[in-house]
Amino acid sequence: MARPSKYQTHVAPRLEEIKDWVRNGATDKEVAERLGISETSFYDYKNEFSEFSESIKKGKDYVDAEVENALLKRALGYNFNETTQELKDGKLVVTKVVRKHIVGDVGAQAFWLKNRRPDKWRDKPADSQSGDNGNDSGQPIFEFVFKDMTMKDENEN
């Protein structure tokens, strides 16, 4: 006779808790450890019990959306208020509020575009691999344009 599954006793009663763990960054291995089950059982249960799989998916989807929003915010730049407080007469008092701007981060922009628009923003466009990019040098087009721009700067001096 097969040993009874731990799913009903160790997993099913904790689906909301599992979703929270995943939302807070727990890996599949960490979830299995917290539940007192093996990784093999974890993956078996994910395949067998849709409510378990869905709970994990919802937790991961939530945190993935948070990261996507943070990446987009960093790529575009953002404004925020910086508040300075000082202790006066035993109380924290706001002494200054300054509106600041964080400029968009080029690395975040490149990452976003390479992943969202790979047809236009991959590292090596298909045209540059064949050498047919209109510059007849075999160099990727961005190197050709950059070199052309620096030559113009040198000629202006």
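**A walk through the helices and their charged pairs**

Asp28 has a relative accessible area of 13%, which makes it buried (buried means under 20%, exposed over 50%, partly exposed in between, using a 1.4 Å probe and protein chains only). This is a predicted model, where local features need pLDDT of at least 70, side-chain atom pairs count only at pLDDT 80 or more, and totals for chains, interfaces and linings use all residues. Residues are numbered from 1 along each chain as its sequence is written, and side-chain values use heavy atoms, with hydrogens and water left out.

Back to Asp28: what does its side chain meet in a salt bridge? The partner is Lys60, at 3.1 Å from N to O (a salt bridge is a side-chain nitrogen of Lys or Arg within 4 Å of a carboxyl oxygen of Asp or Glu). This pair ties together distant parts of the chain, with Lys60 in helix α5 and Asp28 in helix α3, 32 residues apart.

Eight salt bridges turn up in the structure. Another one joins Asp61 to Lys57, with the closest N and O atoms 2.8 Å apart. These two sit four residues apart in helix α5, so about one helical turn separates them. Asp61 is partly exposed at 39%, and so is Lys57 at 44%. Then there's Glu17 with Arg14, at 3.0 Å between the closest N and O atoms; Glu17 is partly exposed at 35%.

Arg14 also leads us to Leu35, whose contacts beyond four places in sequence are His10, Val11, Arg14, Ile18, Trp21 and Phe52 (contact means heavy atoms within 4.5 Å). Leu35 belongs to the largest nonpolar core, a set of 16 residues in which Val11, Ile18, Val31, Leu35 and Phe52 have the most contacts. Such a core is a set of buried Ala, Val, Leu, Ile, Met, Phe, Trp, Tyr and Cys residues joined through side-chain atoms within 4.5 Å. Two or more residues come from each of α1 (7-11), α2 (15-23), α3 (28-35), α4 (39-48) and α5 (50-76), and α2 gives the largest share, four residues.

Helix α2 also holds Lys19, a lysine that counts as buried at 14%. Outside the four places either side in sequence, Lys19 touches Ser55, Lys58 and Gly59.

Finally, confidence: the chain's mean pLDDT (the predictor's confidence in each residue, from 0 to 100) is 84, and 78% of residues reach 70 or more. Over residues 143-150 the pLDDT is below 50, and that stretch has four contacts beyond near neighbours in sequence.
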